[in-house]
Amino acid sequence: MSISQDAFVYAYARTPFGRFGGGLADRRPDDLAAVVVKDVLDRAPELDPARVGDVFWGCANQAGEDNRNVGRMAVLLAGLPTSVPATTVNRLCGSSLDAAIQGSRAIESGDADVVLVGGVESMTRAPWVLPKPSRAYPAGNSELVSTTLGWRLVNQAMPAEWTVSLGECNELLGERFGISRGRQDEFAARSHQLAAAAWDEGFYDGWVTPVDDLVRDEGVRADSSVDTLAGLKPSFRPDGTITAGNASPLSDGASAVLLGASGAVPGLDPVARIAGRGVFANDPQDFGYAPVEAADRALARAGIGWSDVAAVELNEAFAVQSLACVDAWPVDESLVNAKGGAIAIGHPLGASGGRVLATLAERLRVSGDRWGVAAICIGVGQGLAVVLENVS
């Protein structure tokens, strides 16, 4: 007998996102993950944690303290019953949004009634790795490789244009679409200003969990302006347009979302229904543009169009790729990242998908609008998107 049931968002939590080497630098990623696992379940006090049918957890690096299935480590460290299973998902920057997609499918298929999803990344604590030689006692020197971000230990069979840096990929994207340095800096300043305003207005207070002395996202600069950003030097080309100010920073943090079938979480009403999902892949160097088709596919599967959408959360890996996506969608830019984006808030790779999904759910709950889209670009040429329907 086939089972079909909707998957709903019931609760969400995240840590403040810390800067590289900043306020969360002393926290292991598995401990950060455990913080939000415990916190999101504390928001459903009538739910027996043993009823969580599965945990899908995102993490991009998994080369250090986040190894050996960090999702399972988070469950154990958070004190859940050992009977609660967990798996770790790796779709790079989209890992925790992919975790939500997989969790929603488990609910819709009837494999579980309650699922916990989320993700974590400590880019500060990502280790250096030393390639292991194929034969013992090599005579030459060996080089340590950073696992913080981007390509490492590249397979030489890969075409060179596929393995350029993330920054160079986006310089190419800016050239392709004629997106100026000025537009990028304007978008970046907007991200900081909107994030600062959202924090000041209390938008994040109810569901962002302080960790140690960090109570707000560490990278948000309320005084950021186009003039200050214009003074920064290009990061990837001498004459380039991408700077440290109009790209997302290296970050640490964790996010979690509690999903369930209708009526599956006692004491809580659902906030939003997962109404559509989309995944798309293109040439690796064009990864920043992949959310365009992913979101279009998610909307088609939800049975709605862009004219129905009242809120968009697009992860701001770079201002240039965000603008390329927004330009491609028939959507008012004011609806995109109205509470700030990753350029200000931060982009801890494995946690960002959960952040954009939770932010979208909260925006819809607060505004009362019906439809929203969460989307994210993913290195090596992929994009993911989820459509939410407000049911709060």
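I start with Cys-59, whose sulfur is 12 Å from the closest cysteine sulfur, that of Cys-93, and so too far away for a bond. A disulfide here is a pair of cysteine sulfur atoms within 2.5 Å. By that rule the count is zero disulfides. Cys-169 is in no disulfide either, as the nearest cysteine sulfur, in Cys-377, is 10 Å away.

Before going on, the ground rules: this is a predicted model, in which local features need pLDDT of at least 70 and side-chain atom pairs count only at pLDDT 80 or more, while totals for chains, interfaces and linings use all residues. Residues are numbered from 1 along each chain as its sequence is written, and side-chain values use heavy atoms, with hydrogens and water left out.

Are these two cysteines buried or exposed? Cys-59 is buried at 0% relative accessibility, and Cys-169 is buried at 3%. The cut-offs are under 20% relative accessible area for buried, over 50% for exposed, and partly exposed in between, with a 1.4 Å probe and protein chains only.

Next, the annotated site. Which residues does UniProt list for "active site"? The unreviewed entry lists Cys-93, His-347 and Cys-377. UniProt positions are in the numbering used here, feature names are shortened, and annotations may be inferred rather than shown by experiment. The three span 285 residues in sequence, yet no two of their C-alpha atoms are more than 11.7 Å apart, so they gather at one spot. From this set, Cys-93 and His-347 are in the lining of the largest pocket. A pocket, on a 1 Å grid over the protein atoms alone, is an open set of points with protein on both sides within 12 Å along at least five of seven lines; a cavity is a set where a 1.4 Å probe fits but cannot get out; and lining residues have an atom within 4 Å of a point.

His-347 sits in the loop between α9 (342-345) and α10 (352-367). Helices (H or I, at least four residues) and strands (E, at least two) are DSSP runs, numbered from the N terminus. His-347 is buried, at 5% relative accessibility. Setting aside neighbours within four places in sequence, its contacts include Cys-93, Met-123, Ser-248 and Asn-315, where contact means heavy atoms within 4.5 Å.

Cys-377 is in strand β11 (residues 371-378) and is buried, with 1% relative accessible area. Residues up to four places away in sequence not counted, Cys-377 touches Cys-93, Phe-287, Gly-288, Pro-291, Ala-317, Gln-321 and Gln-382.

Now the backbone. Most residues other than glycine have a negative phi. Leu-92 has a positive one, about 50 degrees; Leu-92 is in the loop between β4 (87-89) and α3 (95-108) and is partly exposed at 31%. Asn-337 has a positive phi near 55 degrees. Asn-337 is in the loop between α8 (319-328) and α9, and is buried at 1%.

Last, the cavity. How many cavities of 30 Å³ or more are there? The count is one, and the largest cavity has a volume of about 30 Å³. Grid points are joined across faces, edges and corners, and a volume is the space filled by probe spheres set on the points. Its lining is Pro-29, Gly-64, Glu-65, Asp-66, Ser-122, Arg-125, Ala-126 and Pro-127.
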